[in-house]
Amino acid sequence: MLAETDADRRTEERTSTRGRWLPVYGAVLGAVVFLVVRGSLTDDAYITLAYAKNLAVHGEWGIIPGSPANSATSPLNVLLLGALTLLTRVAGGPHPVVALGVLTIACGAALGWAWLRLGRRLALPPAAGVLGVALVLLNPFVLSAVGLEVLLIPAVLLVLTVLALEGRPLWFGVVAGLAVLTRIDLGVFVVVIALSAPEIRRKLLPAAGVAVLTSAPWFLVSWIAFGSFVPDTLAIKQTQAGLFAPWSYSTGPVMYYLGWPVTVLVSFLPALLGVVALAAWAAARFAVRWPLFPALGPVAALAGGGVLYYLAYSFIGVGPFHWYYVAPVTAGSAFAVAAFGTWYAQARERPELRTGPPVLALGLTGVLVLSGAAVDGAQGLPWPSPVVFGNWASADDYARVGTELGARLDGASVASPGEIGTLAYFCECAILDEFSDRGEAVKLVEKRIATANPLMSLALRVNYHWLDTSVAPRKPDFRMQYASGPATGPDDWQVRSAAKGVGHFVFTREP
């Protein structure tokens with residue numbers, strides 16, 4: 001009996017130390033992928049970086065100095081980047097891109113920590129953690145939108161899942177609040193995961209109270225100061241849904257498959273495996289009486305939240321912007337790895353189960369990870385542009401144009417050509433559109449409320465109850481417009497994009 005106890009103790013010690021290097025692995029992989037993508041950030045990523053720089057330097061919430069806005073989709077992402085950018089000022093000027101690198105490394109470490117905890121709780125092999133982290137950090141769709149909240153989303157959701165699995169309601173509440181500050185639509189995951197965990201359900205009110213205390217200060221400030229709980233990007237992106245016609249969010253993966261078939265397969269197939277595994281888990285969980293059934297409830301809820309998230313986005317009518325797929329794809333992928341790893345652990349413990357099938361499933365997942373890495377590498381190292389990309393100009397060309405634009409304007413204002421992020425970041429000038437000028441945003445909000453269905457219209461009216469609709473759009477002194485083909489005039493800027501080829505920006509004075 002004593003020998004058996006000693007053996008159990010040794011097994012427990014091995015389990016507690018197994019995979020403890022996963023946070024370091026996640027941080028190192030995060031650093032590597034950041035070095036790969038740092039010179040190819042998308043225009044929308046630079047919107048976030050412009051917000052962070054403006055917050056760190058001027059203490060203002062907006063893309064451009066002196067013009068408050070509410071177009072940052074992820075308040076937490078901006079706040080973290082703004083705080084890190086403020087710290088970089090110790091070494092001289094603000095360095096938001098350096099801050100982004102630090103946050104990318106931190107998200108990688110958080111993913112590694114979460115998989116370490118999942119591994120201990122579910123007796124997963126360390127290989128499961130390796131695959132779980134890599135499925136996020138090597139996913140071409142995710143890397144094509146670094147700078148946005150695409151790494152913060154899976155990190156926060158996986159930590160939330162761990163806390164639910166471990167039955168820690170107060171910490172669950174804290175991270176739940178951070179999740180809705182990352183994106184308010186992540187509330188779908190918060191609710192589903194909370195209801196899946198008995199310990200969280202039993203202490204739901206304290207957990208909810210902590211979540212409210214964590215997130216309410218920002219939302220109250222946003223509702224009163226900016227006139228909206230939800231960032232204006234919801235209304236803006238809904239009015240832009242026609243840009244992708246006839247494609248919608250629900251059919252977007254098919255649209256991307258037609259342009260990038262291999263990229264879509266290696267990015268989405270792990271999530272599809274997760275959906276299949278979720279269906280199999282549900283069938284086994286509720287159809288088979290198994291007294292020692294693995295406690296996968298919160299992890300399954302993570303995948304279920306991804307399914308509900310996909311359905312909700314299909315309903316509200318937004319366009320298929322590729323970063324909108326990150327939450328359901330990474331959630332489904334995480335469950336696939338956890339389910340296959342748990343299957344393998346159970347097969348090792350139960351003689352009636354064979355280890356071959358789960359090893360094969362984990363091996364298939366590993367092949368998809370390596371395929372994603374191959375797609376990333378085929379883009380060139382470092383990336384000249386993201387794998388999934390649609391901007392008019394490369395990041396380098398936009399940086400050049402933005403710097404020259406600031407000197408040319410000399411304090412005047414200019415109407416944005418339609419892509420504002422990188423230009424605003426490098427120009428540090430009054431470049432105006434619905435993302436930077438609240439008057440333009442108000443026009444779009446009123447249009448969206450007028451054309452929405454009754455339910456959506458009511459929700460928008462409540463959300464924008466405090467909105468100051470008297471704010472008029474600013475009149476620009478100049479205007480920039482994009483056209484394809486080489487530049488033809490002395491005031492034009494010629495640019496090139498991997499997606500659009502050679503084009504140019506025309507600069508004209510407004511009458």
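Helices here are DSSP runs of H or I with at least four residues, numbered from the N terminus. On that numbering, helix 3 gives the largest share of the lining of the largest cavity, four residues. The model is predicted, and seven cavities of 30 Å³ or more are counted in it.

**Largest cavity**

- The volume of the largest cavity is about 150 Å³.
- Its lining consists of 18 residues, and those closest to the centre are Thr48, Ser71, Thr73, Leu148 and Thr233.
- At least two lining residues come from each of helix 3 (43-58), helix 4 (75-88) and helix 13 (233-239).
- By residue class, the lining of the largest cavity holds eight nonpolar, six polar and four charged residues.

**Second largest cavity**

- The lining of the second largest cavity has 11 nonpolar residues, three polar residues and no charged residues.

**Residue classes in the two linings**

- Charged residues number four in the lining of the largest cavity, whereas the lining of the second largest cavity has no charged residues.
- Polar residues number six in the lining of the largest cavity and three in that of the second largest cavity.

Definitions and conventions: Residues numbered from 1 in each chain as written. Predicted model: local features only at pLDDT ≥ 70, side-chain atom pairs only at ≥ 80, totals over all residues. Heavy atoms only, no water. 1 Å grid on protein atoms, 1.4 Å probe; cavity = no way out; pocket = protein on both sides within 12 Å on 5 of 7 lines; lining within 4 Å. Points joined across faces, edges and corners; volume = space filled by probe spheres on them. Nonpolar A, V, L, I, M, F, W, Y, C, P; charged D, E, K, R; others polar.
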